[in-house]
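Please look over the sequence and the model first.

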Amino acid sequence: MPAQSETSVTASGNVWVFGYGSLIWKPNFKYEKVLPGRINGVARKFWQGSRDHRGTEEKPGRVATLVEDPTGSVCGLGFELSSEEAEATFSYLDDRETGYNLKEVVFYPCDKSQSVQKVLVYCATDSNPDYLGPSPILEMAECIATCEGHSGPNSEYLFNLAHMMRLLFPADPDQELFQLEDEVKKIRNGYVKKNEKR
């Protein structure tokens, strides 16, 4: 299990992890509690390449990471992991989140009766070899619309995330995410129409 500061572990020894991408709709690990909320000072960007789950070596897909943004905030889910399950969970997540590093941030639950909590979050930076960085939105949409890896189409990742964000945070829309979703849908609908004419 990664090293924790005292503030990222609860009195019971449990650990919190924050999900802002596929962990929102497909965590695939045991947890004691899950809370919707936000972290501040960052923005969600589709700047990380995926050469396995949502793309290939020849054609990497694009998945979400976090970049520093002093005025930004990102909505997602905080998962409380039991002390017994934490080591196995982080071993699983380290393999799943290839190219990502852990950092500690402050999590603000939507439910004000819940305590503000230090959590761990996986972030990919430009120091990892799969980092793609920014591109015009239409170029990113073309990539996401056409890439696929062993976990499925890149567009599925985007659509599932956008769906869950609307469901969980209807009053706090992620405009950049939804714009990317719209562009990918336009591209995919164009491909479907072309194939129907053949």
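## Strand pairing around β3

Strand β2 (residues 33-50) runs antiparallel to β3, with 15 bridges between them; two strands are said to pair if DSSP finds at least two bridges between them.

Of the 21 residues in β3, 16 are buried, so the strand is mostly covered. Buried means under 20% relative accessible area, exposed means over 50%, and partly exposed lies in between (1.4 Å probe, protein chains only).

The model is predicted: local features need pLDDT of at least 70 and side-chain atom pairs count only at pLDDT 80 or more, while totals for chains, interfaces and linings use all residues. Residues are numbered from 1 along each chain as its sequence is written, and side-chain values use heavy atoms, with hydrogens and water left out.

## S73 in β3

S73 belongs to strand β3 (residues 61-81). Its relative accessibility is 35%, and therefore S73 counts as partly exposed. Apart from residues up to four places away in sequence, S73 touches R38, I39, N40 and V42, where contact means heavy atoms within 4.5 Å.

The side chains of S73 and R38 are joined by a polar contact of 2.6 Å. Such a contact is a pair of N or O atoms within 3.5 Å; within protein, one must be able to donate a hydrogen and the other to accept it, and residues adjacent in sequence count only if both atoms are side-chain atoms. S73 and A43 are 30 residues apart along the chain, and 5.9 Å separates their C-alpha atoms.

## The chain as a whole

The protein chain has five helices and seven strands. Helices (H or I, at least four residues) and strands (E, at least two) are DSSP runs, numbered from the N terminus. Their order from the N terminus is β-α-β-β-α-β-β-α-β-β-α-α.

Of the 198 residues in the protein chain, 46% are buried. Among contacts between residues at least 6 apart in sequence, 74% join residues at least 24 apart.

## Two loop residues

N28 is in the loop between α1 (22-25) and β2. Its phi is near 60°, a positive value in a residue other than glycine. N28 counts as exposed because its relative accessibility is 51%.

E97 is in the loop between α2 (83-96) and β4 (101-109). At 12% relative accessibility, E97 counts as buried. Leaving aside neighbours within four places in sequence, E97 contacts L23 and Y122.

## The largest pocket

The largest pocket holds about 470 Å³ of space. Of the 29 residues lining the largest pocket, S22, H53, R96, E97 and Y157 are the closest to its centre. The elements that give two or more residues to this lining are β1, α1, β2, β3, α2 and β5 (117-123).

On a 1 Å grid over the protein atoms alone, a pocket is an open set of points where a 1.4 Å probe fits, with protein on both sides within 12 Å along at least five of seven lines; lining residues have an atom within 4 Å of a point. Grid points are joined across faces, edges and corners, and a volume is the space filled by probe spheres set on the points.
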